[in-house]
Amino acid sequence: MKSVAIMTVALLFALNSKAQNVNVQETSKTTVTTVKNSDGNKKFTKNETVREVQNIELNDVKPHTLNTEMKESPVVSTSVTKITSPDGSSKTFEPDRSAYYLSNGNKYRIVPDGAGYAIKQGSKKLALLRKTSTNHYVYITKNKTSIGYFDTNGNLIIETYDGKSDTILTETYLVTKN
């Protein structure tokens, strides 16, 4: 019985320490619109949810120091709009990420396809983006599979693990107006 209590306390400390590594802010806004017509009043409900997640990262941690400066880390913002009709049916809308992007002096286009997005250069399909349950994307090419996300400015950030240097390589696709 004592070992069960110790394991429970250890689990609670582990969960608590993991929860402190991420800053999450979620806001919701609900708008109810009433439409009057010959059939009576009909209420449409629009629920907008914006979730911002930021990993808490520290600059170089020196041994035997108490205070360490935080490193600037990107904020990943996702918004979802859900509209409920008077008959109870709902539709969910997420932002369309299709646009032109610049990376390393090259121009790319992100277009929707059946299961997510495709990254194209001209008519050539270079990569696929598939959404995960955590609002990130799996970035798939012939040679690599990486994780990506859209930052608050709409830029696509791709993070790839490099086994040779044991680091994360970051590639940024800057969104353009045309």
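## About the model

This is a predicted model, in which local features need pLDDT of at least 70 and side-chain atom pairs count only at pLDDT 80 or more, while totals for chains, interfaces and linings use all residues. Residues are numbered from 1 along each chain as its sequence is written, and side-chain values use heavy atoms, with hydrogens and water left out.

## Aromatic rings

Rings of Phe, Tyr and Trp (its six-membered ring) pair if their centres lie within 6.5 Å; planes under 30 degrees apart are stacked, over 60 edge-to-face and the rest tilted. The count here is 4 aromatic pairs. In one of them, Tyr108 and Tyr173 are edge-to-face, because their ring centres are 5.3 Å apart and their planes stand at 70°.

Elsewhere, ring pairs join Tyr101, Tyr117, Tyr137 and Phe150 into a cluster. Look also at Tyr100: the charged end of Lys107 sits over its ring, 4.9 Å from the centre (NZ of Lys or CZ of Arg within 6 Å of the ring centre and within 35 degrees of the ring normal).

## A loop residue and its contact

Asn155 is in the loop between strand 12 (145-150) and strand 13 (156-162); strands are DSSP runs of E, at least two residues, numbered from the N terminus. With 11% relative accessibility, Asn155 counts as buried. Its side chain reaches the backbone nitrogen of Val175 at 2.9 Å.

Methods. Helix = DSSP H or I, 4+ residues; strand = E, 2+ residues; numbered from the N terminus. Buried < 20%, exposed > 50% of the residue type's maximum accessible area, 1.4 Å probe, protein only. Polar contact = N/O pair within 3.5 Å; in protein donor to acceptor, adjacent residues only side chain to side chain.
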